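Subject: Structure handover

Hello,

The structure is placed below, and my notes on it follow. Please read them next to the coordinates.

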Amino acid sequence: MNKLDEALDKYYERFGKKYPLSICQIRTTDEIVADIEFCINTGCKAKEPIYEENIDY
């Protein structure tokens with residue numbers, strides 16, 4: 001299992017829901033892992049992506 005998978009599993013264990021990954025965001029694996037670790041350490045869930053109506057993503 002790679003470090004992203006491990007971080008995603010830890011996020012799910014902590015919050016009981018999946019970390020919101022968005023196909024529109026351009027972030028490195030290290031940036032995503034760092035954000036997940038920040039969320040876990042602070043107890044703050046990550047913000048859900050906002051999708052607007054009538055826009056193709």
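**Charged pairs and surroundings**

Asp35 is partly exposed, with a relative accessible area of 24%. For the terms: buried means under 20% relative accessible area, exposed means over 50%, and partly exposed is in between, with a 1.4 Å probe and protein chains only. The model is a predicted one, in which local features need pLDDT of at least 70 and side-chain atom pairs count only at pLDDT 80 or more, while totals for chains, interfaces and linings use all residues. Residues are numbered from 1 along each chain as its sequence is written, and side-chain values use heavy atoms, with hydrogens and water left out.

Asp35 makes a salt bridge with Arg27, and their closest N and O atoms are 3.8 Å apart. A salt bridge here is a side-chain nitrogen of Lys or Arg within 4 Å of a carboxyl oxygen of Asp or Glu. Arg27 is also partly exposed, at 30% relative accessibility.

There are three salt bridges in the structure. One of them joins Asp30 to Lys3, at 2.3 Å from N to O. This pair connects distant parts of the chain, with Asp30 in helix α2 (residues 29–42) and Lys3 in helix α1, 27 residues apart. Helices are DSSP runs of H or I with at least four residues, strands are runs of E with at least two, and both are numbered from the N terminus. Asp30 is partly exposed at 48% relative accessible area, and Lys3 is partly exposed at 45%.

Another salt bridge is formed by Lys17 and Glu48, whose closest N and O atoms are 3.1 Å apart. Here too distant parts of the chain are linked: Lys17 sits in the loop between α1 and α2, Glu48 in the segment after α2, and the two are 31 residues apart. Lys17 has a relative accessible area of 32% and is partly exposed; Glu48, at 45%, is partly exposed.

**Negative patch**

Which residues form the negative surface patch? They are Asp5, Glu6, Asp9 and Glu13. A patch is made of residues with over 30% relative accessible area and no salt bridge, where like charges are joined within 9 Å and nonpolar side chains (Val, Leu, Ile, Met, Phe, Trp, Tyr) within 5 Å. Glu13 belongs to helix α1 (residues 3–15) and is exposed, with a relative accessible area of 66%.

**Val33**

Val33 lies in helix α2. Is Val33 buried or exposed? Val33 is buried, because its relative accessible area is 8%. Leaving aside neighbours within four places in sequence, Val33 is in contact with Lys3, Leu4 and Ala7, contact meaning heavy atoms within 4.5 Å. Val33 and Cys44 are 11 residues apart in sequence, and their C-alpha atoms are 15 Å apart in space.

**Whole chain**

The protein chain has two helices and zero strands. Its C-alpha trace spans about 35 × 20 × 15 Å along the principal axes. Of its 57 residues, 21% count as buried. Among contacts between residues at least 6 apart in sequence, 64% join residues at least 24 apart.

The accessible surface of the protein chain is about 4,700 Å², and 50% of that belongs to carbon and sulfur atoms. Accessible areas come from the Shrake-Rupley method with a 1.4 Å probe.

Regards

Definitions and conventions: Lys, Arg positive; Asp, Glu negative; His and termini not counted. Charge placed at Lys NZ, Arg CZ, Asp CG, Glu CD.
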